[in-house]
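Please view the sequence and the structure shown below before reading on.

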Amino acid sequence: MKLAGFGKEMAKLAQRTPRTTTLRDMFRIARVGGEARFEYARMLQEEIPVRLAHRVEQLSDLPYGLSETEHIQQLCDRYADWAQSLTEQAKVRSPTDDQAFTAFLCGMLGETAVARSMADTTTSKSYILAAIQEKAQLLKDSPEYTLAADTVLDEFFTTRIGMRVMMQQFVNGGGRFSGYSG
């Protein structure tokens with residue numbers, strides 16, 4: 001992994017417990033806007049790197065050499081790059097900052113044509129599938145391998161969905177529509 005320059009920071013982030021965010025919190029932010037939205041953005045700027053660090057930690061715990069595959073290493077590097085970018089960004093305090101942060105999240109989510117054309121659009125699922133295909137013989141020969149990998153990957157994808165919901169809610173909350181939240 002190329003985490004070398006940011007590896008210590010990722011380790012510190014992974015030690016932090018992710019903050020609980022409720023649907024009520026997300027609904028309130030989307031409806032209120034203004035300073036409350038900026039406050040939520042600042043929380044996300046701190047929280048998403050923590051969650052990304054946890055995803056890297058989960059991927060690093062994959063069994064039977066799966067975490068050492070090139071594809072998993074690339075995914076960990078991508079997550080570390082995003083975490084580093086978020087920790088280095090100016091805190092959201094104005095509509096201009098909000099637009100820049102929203103654009104960054106859109107890039108992470110692959111939501112805009114510009115983001116898709118500028119970024120490597122390979123998804124996390126694609127990286128993980130490729131890594132599993134590299135180790136396909138183990139899957140055939142070892143039911144315990146399959147169970148161990150499934151356990152880690154189930155937790156990875158479940159927590160990843162939660163992180164994406166938080167980001168998507170923030171992005172969608174920027175274009176308020178009457179009676180609509182997120």
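**Aromatic and charged groups**

The charged end of Arg37 sits over the ring of Phe170, at 3.7 Å from the ring centre; a charge sits over a ring if NZ of Lys or CZ of Arg is within 6 Å of the ring centre and within 35 degrees of the ring normal. The model is predicted: local features need pLDDT of at least 70 and side-chain atom pairs count only at pLDDT 80 or more, while totals for chains, interfaces and linings use all residues. Residues are numbered from 1 along each chain as its sequence is written, and side-chain values use heavy atoms, with hydrogens and water left out.

*Aromatic pairs*

- Three aromatic pairs are found in a search of the whole structure; rings of Phe, Tyr and Trp (its six-membered ring) pair if their centres lie within 6.5 Å, and planes under 30 degrees apart count as stacked, over 60 as edge-to-face and the rest as tilted.
- The pair of Tyr79 and Trp82 is stacked, because the ring centres are 5.8 Å apart and the planes lie at 25°.
- Both residues of this pair, Tyr79 and Trp82, belong to helix α4, three residues apart, or about one turn of the helix; helices (H or I, at least four residues) and strands (E, at least two) are DSSP runs, numbered from the N terminus.
- An α-helix has 3.6 residues a turn, so residues three or four places apart point the same way.
- Tyr79 and Trp82 are both buried, where buried means under 20% relative accessible area, exposed over 50%, and partly exposed in between (1.4 Å probe, protein chains only).
- Phe101 and Phe170 make an edge-to-face aromatic pair, with 5.3 Å from centre to centre and 65° between the planes.
- Since Phe101 lies in helix α5 and Phe170 in helix α9, this pair ties together parts that are 69 residues apart in sequence.
- Phe101 counts as buried at 1% relative accessibility, and Phe170 is buried with a relative accessible area of 1%.
- Tyr40, Phe101 and Phe170 form one aromatic cluster.

*Overall fold and nonpolar core*

- The secondary structure comes to nine helices and zero strands.
- Of the 182 residues in the protein, 43% are buried.
- Among contacts (heavy atoms within 4.5 Å) between residues at least 6 apart in sequence, 80% join residues at least 24 apart.
- The largest nonpolar core has 44 residues, and Leu44, Ile48, Leu52, Leu105 and Met108 have the most contacts inside it; such a core is a set of buried Ala, Val, Leu, Ile, Met, Phe, Trp, Tyr and Cys residues joined through side-chain atoms within 4.5 Å.
- At least two residues of this core come from each of α1 (7-15), α3, α4, α5 (95-109), α7 (124-134) and α9 (143-173).
- Helix α3 gives the most to this core, with eleven residues.
- Leaving aside neighbours within four places in sequence, Leu52 is in contact with Met10, Tyr79, Trp82, Ala83, Leu86, Met108 and Met163.
- Trp82, in helix α4 (residues 70-88), is in contact with Leu52, Phe104 and Met108 when neighbours within four places in sequence are left aside.
- The C-alpha atoms of Trp82 and Met108 are 7.8 Å apart in space, with the two residues 26 apart in sequence.

*The two sides of helix α1*

- Met10, Leu13 and Ala14 are the buried residues of α1.
- They lie on the same side of α1, because they cover an arc of only 100° around the axis; the arc is that of the directions from the helix axis to the C-beta atoms.
- The exposed residues Lys8, Lys12 and Gln15 are carried by the face turned away from the buried side of α1.
- The cover over the buried residues of α1 includes α3 and α4.

- Glu47 lies in helix α3 (residues 34-60) and counts as buried at 4% relative accessibility.
- The side chains of Glu47 and Arg51 are joined by a polar contact of 2.8 Å; a polar contact is a pair of N or O atoms within 3.5 Å, and within protein one must be able to donate a hydrogen and the other to accept it, while residues adjacent in sequence count only if both atoms are side-chain atoms.
- A polar atom of the Glu47 side chain also lies 2.9 Å from the backbone nitrogen of Arg19.
- Asp97, in helix α5, counts as partly exposed at 25% relative accessibility.
- A polar atom of the Asp97 side chain lies 3.0 Å from the backbone nitrogen of Arg93.
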